[in-house]
Amino acid sequence: MLGFLKEPVVVNVEINMNIMVLSLMGLISRLWGLSYPRAVVFDEVYYGQFVSLYMKRIFFVDDSGPPFGHMLLALGGYLGGFDGNFLWNRIGAEYSMNVPVWSLRLLPALAGALCVPLAYQILVELQFSHCAALGAALLILLENSLITQSRFMLLESILIFFILLAVLSYLKFYNLQKHSSFSGSWWFWLLLTGVACSCAVGVKYMGLFTYILLLTIAGLHFWHVIGDQNLSNVSLMCHFLARGLALIVIPVAMYVSFFYVHLTLLYRSGPHDQIMTSAFQASLEGGLARITQGQPLEVAYGSQITLRNVLGKPMQCWLHSHTNTYPIRYENGRGSSHQQQVTCYPFKDVNNWWIVKDPGMQQLVVSNPPRPVRHGDIVQLVHGITTRYLNTHDVAAPVSPHSQEVSCYIDYNISMPAQNLWRVEIVNRESDTDVWKTILSEVRFVHVNTSAVLKASGFVGASLPEWGYRQLEVVGEKLSKGYHQSMVWNVEEHRYGKSLEQKEREVELHSPTRVDISKNLSFMAKFTELQWKILTLKNEDTEHKYSSSALDWITMDTNIAYWLHPTSTAQIHLLGNVVTWASANVAALIYMCLSLWYLIRRRRKIYDIPEDAWQLWVSAGGICVGGWAVNYLPFFGMEKTLFLYHYLPALTFQILLIPIVLQHIRDHLCRSVLLKSMFTALIVAWFSSVYFVYCAFSPVTYGEPSLSVTELKDLRWKDSWNILIRKQ
């Protein structure tokens, strides 16, 4: 029974020394002096704010992308014991002692370091020589721009890491497909592909381009699997379901889970929640929740309410009125009704309160039991402070003359009767008998007499002149002009009115509400709203000193000054290795020209290289050239401020192509031993120049040592580069 103890237990471990050495070199290059400079470097001023908000559990929205990358940066702060107390207001500001600089920069640096062995393994899995793979890894190792970007609290190195991990995982899965389908390793690498793709998209939406590329390649490979006559229909279906699970279902589930963690961590109200709906704001601790907690859920006749416009852009605003009237005549000579002004006001105010009245009754209080308002009911909206009725009629609006004026009706004893009946239409109703609910219901008010819809037209730039205090215009818009979110409103604050006298009612309107009914928004509702805000929220793009166009990136005609020492000439720039960038462009050009030449020759039944070499050439191009194209070309269609670092994922794929082209030329185009030897010597000389440029630009990559003015001028290899030189 214990016979197995007679023999020793032996564990054989294979260690790839190439990977170990490359990993160590990557770690040294990225982690050395990581806390220097102990000051805010470029976009750390941007991402640091989000890290602080995570530490304080305060909700925020970042329109640049999903939250996973921010959470990873926050994880670094958490591991370092950061309390979130630092004012991220200026590039170059010195970090206080409570900021764990090394910890905050650690995860991006580790990701950048691991890109070096990943590059090596990708070329090995593409069936290229270990020498070519080593060359690719060393080029990534010595690329100054990748080093700079990975040594600070930025997201590009993390994005590139997950992109390369996804590519490597898929290649390993594909190579295992040939001889060990559905094995443990096969499942591991397939699942890791989906996980890495989801993480890449979760860091930045730029990761979506590589995800789509891998899905396309996986689709083409599966098309070949379908043609395998040795596979049964059941086996084929299992292959399809496995790929669907790993490459679609799991990535989508993980992507949603990033938001779940994000929303779970950030449960407190903050400065960014104002752009969210009232329901979302009320789900956060503090802020609106303190005001709306425990309000009556169902709006009833006699309810006192504030109405918030759902669109919320360019700012949130509430339906508002005040005692001032529209001018008898506008500056352009048009006449008005001279009725009481109705506007959309971007601040909370007692004049935002309205009373929902039953047109058939005079009372302005809620009955016992309350009579709820339902979809399709006719109501009157009475302004709480002035007790005048919301009204619209066939009079042109002051700023938008194509629409109807909205006012609070004043009886001037002229032939202009009140038209103050409105039909409540619940836009997000589940049935035609739905009750109008506080916060949750999105409603339109359709004017009974004219069929115009109450709309905040100020969202398209229609602010009233000085006589309207520059508040946003509210109009009646014809339904025939289509649906727009500016026509939709929701009840934000709500109480059941109890005061019969106007003086008592005014006191009531000034007081807070407290009734014990809670409203919880589901996670999926919050996720859907937050995702939509991220995709549609557009900050005003402003010109930046270091912004650039996508055309500038290929030839590196631009740079970014990340940091300048306050007293010396020490500085850090995002600048690439000039030799590597030029070589990457040449390699891409050679690849495309050779591919076109081979295709034309193969069309004529002339085969210059063996079939296996051709398949290797095509598959490598699909990954490297395809990766470069999908991560670069989309920027030509983007309307956003662009910077040089946006090119780094595309550049990484282009760098991987260099040793592929070099090996191909040596193996298939250098026919003689002499040519091979000469070409090898050229490669050695070329690589020496790569190392020379890396060393030359290291002072502005790492920020030390400090260079003299003459040395800085010598580094300005292009007139378009902005090397900072202090005036003497």
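Reader: How many aromatic pairs turn up in a search of the whole structure?
Author: The general idea first: you describe two aromatic rings by how far apart their centres are and the angle between their planes. Rings of Phe, Tyr and Trp (its six-membered ring) pair if their centres lie within 6.5 Å; planes under 30 degrees apart are stacked, over 60 edge-to-face, and the rest tilted. Here the search finds 46 aromatic pairs. This is a predicted model, where local features need pLDDT of at least 70 and side-chain atom pairs count only at pLDDT 80 or more, while totals for chains, interfaces and linings use all residues. Residues are numbered from 1 along each chain as its sequence is written, and side-chain values use heavy atoms, with hydrogens and water left out.

Reader: Okay, what kind of pair do tryptophan 553 and tyrosine 632 make?
Author: Their ring centres are 6.2 Å apart and their planes sit at 55 degrees, so this pair is tilted. Tryptophan 553 belongs to helix H15 (residues 550-554) and tyrosine 632 to helix H17, so the pair ties together parts 79 residues apart in sequence. The helices (H or I, at least four residues) are DSSP runs, numbered from the N terminus.

Reader: Is tryptophan 553 buried or exposed?
Author: Buried means under 20% relative accessible area, exposed over 50%, partly exposed in between (1.4 Å probe, protein chains only). Tryptophan 553 has 0% relative accessibility, so it counts as buried. Tyrosine 632, at 2%, counts as buried too.

Reader: And how do the rings of tyrosine 632 and tyrosine 647 sit?
Author: Their centres are 5.2 Å apart and the planes are at 75 degrees, so that pair is edge-to-face. Tyrosine 632 is in helix H17, and tyrosine 647 is in the loop between H17 and helix H18 (648-669), 15 residues apart. Zoom out and you get one aromatic cluster, formed by Trp553, Trp581, Trp628, Tyr632, Phe635, Phe636 and Tyr647.

Reader: How many residues does the largest nonpolar core have?
Author: In soluble globular proteins, nonpolar side chains tend to be buried together. A nonpolar core is a set of buried Ala, Val, Leu, Ile, Met, Phe, Trp, Tyr and Cys residues joined through side-chain atoms within 4.5 Å. The largest one here has 167 residues, and Phe59, Ile122, Phe162, Ile560 and Tyr562 have the most contacts inside it. H7 supplies the largest share of this core, 15 residues. Apart from this core lies another, of 30 residues, including Cys317, Cys344, Leu390 and Val491.

Reader: Which residues does isoleucine 560 touch?
Author: Contact means heavy atoms within 4.5 Å. Leaving out residues up to four places away in sequence, isoleucine 560 touches Phe42, Tyr546, Ile572, His573, Leu574, Phe643, Leu644 and Tyr645.

Technical notes
Helices (H or I, at least four residues) and strands (E, at least two) are DSSP runs, numbered from the N terminus.
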